[in-house]
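Colleague: I'd like to learn how to read the features of a structure. Please take me through one, step by step.

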Amino acid sequence: MKSATIRHLQEVDSTNSEMKRWLGVCPNLLSHSCVYADFQVSGRGQIGNSWESERNANILLSILYRPTEPMHVRRQFDISMAAALAVKATIEKYIPKTEKVSVKWPNDVYVGEKKICGILIENTLCGANIGYSIVGIGLNVNQKRFVSNAPNPVSIYQIISKNCDEEEVRQSLQREFIRYTGYIPDNTEALHKEYIKALFRADGNLHEWALPSGEHIMAKIIDTMPTGHIIIERQNGEQLSFAFKEISHVIKLTASDLLT
């Protein structure tokens, strides 16, 4: 049985872009093949945001995922849940259990109130089904200081005050990704339950949210839909659902957070 291929590069524009080029040359590249780099010149986040990463300090990779059975585009959030949970499980191997790792909907990974990982998933369709997905992951591992205007980044180093073996972290992340995508398609209910349990601020309490209009509301997380929409409930019992970028958490940082 053929195994997935792993490619390591010192520098790329972005690992997602490099994976696309690789697929252009090798269109039959196996699922879970991976490209990772020591540095990204043009690392990307969601909706065109940039991703700060010091050279030779963090995990920058893209993994190819091919559904094992026809997967309608409306189920693409299963891949997002699997990727976020794989990152969460990896981080938890390296930091104290007293530090809470959670998934900020839809798929950022947080430690406490700070962002440690961003995920960018790009899908290629075959009709109404997903042909393949490129799952880009930027995980802050050994970066000691952040200089961009990102409001709340953190790295594993900043939490435990020592460097981690980046190769070991990367291999662990790939294994966890294989494990969690193994939930698809036959065990997605269990995947969803674990995802809901892992959600940032899914504690049954009211939290502050911001709408694109600038309005702020207080609501608690109830669930997510297979499409990825989040369902929240206001204090008066009204339930609302939102797609990505239609609502966001309000995160208030202290002065010490901004100086970290």
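Colleague: Which residue stands opposite Val12 in strand 2?

Modeller: Val12 faces Gln40 there. Strand 1 and strand 2 (residues 34–40) run parallel and are joined by 6 bridges. Two strands pair if DSSP finds at least two bridges between them. The strands, and the helices we'll meet later, are DSSP runs numbered from the N terminus: at least two residues of E for a strand, at least four of H or I for a helix. Before we go on: this is a predicted model, where local features need pLDDT of at least 70 and side-chain atom pairs count only at pLDDT 80 or more, while totals for chains, interfaces and linings use all residues. Residues are numbered from 1 along each chain as its sequence is written, and side-chain values use heavy atoms, with hydrogens and water left out.

Colleague: What is the order of the strands in the open sheet of 7 strands?

Modeller: Reading across, the order is 1-2-3-7-6-5-4, and the pairing is mixed. Strand 1 (6–12) and strand 4 (101–104) are at the edges; each has a single partner strand, so one side of each has no neighbour in the sheet. On average, neighbouring strands here are turned by 20° against each other, direction ignored.

Colleague: Which strands does helix 4 lie across?

Modeller: Helix 4 (residues 166–181) lies across strand 1, strand 2, strand 3 (59–65) and strand 7 (129–139), and it runs at about 25° to strand 3. For angles like this, axes are lines fitted to C-alpha atoms, for helices over the stretch in contact, and the angles run from 0 to 180 degrees between N-to-C directions.

Colleague: Now for helices against helices. At what angle do helix 2 and helix 5 pack?

Modeller: Two packed helices are described by the angle between their axes and the distance between the axes. Helix 2 (residues 77–91) and helix 5 (residues 188–198) pack at about 55°, with axes 10 Å apart. That makes helix 2 oblique to helix 5. The naming goes like this: under 35 degrees is roughly parallel, over 145 roughly antiparallel, 65 to 115 roughly perpendicular, and the rest oblique. Residues making this contact (heavy atoms within 4.5 Å) include Phe77 and Leu85 of helix 2, and Leu191 and Tyr195 of helix 5.

Colleague: What about helix 2 and helix 4: how do their axes cross?

Modeller: Those axes come within 8 Å and cross at roughly 140°. Helix 2 is therefore oblique to helix 4. Among the residues in this contact are Ala82, Ala86 and Val87 of helix 2, together with Val169, Leu173 and Phe177 of helix 4.

Colleague: Which aromatic rings can I look at, and is the pair of Trp105 and Phe244 stacked or edge-to-face?

Modeller: A pair of aromatic rings is described by the distance of the centres and the angle of the planes. A search of the whole structure finds 5 aromatic pairs. Trp105 and Phe244 make one that is edge-to-face, 6.4 Å centre to centre with 80° between the planes. (Rings of Phe, Tyr and Trp, the latter by its six-membered ring, pair with centres within 6.5 Å; planes under 30 degrees apart are stacked, over 60 edge-to-face, the rest tilted.) This pair links distant parts of the chain, as Trp105 is in the loop between strand 4 and strand 5 (108–111), while Phe244 is in the loop between strand 11 (239–242) and strand 12 (248–249), 139 residues apart.
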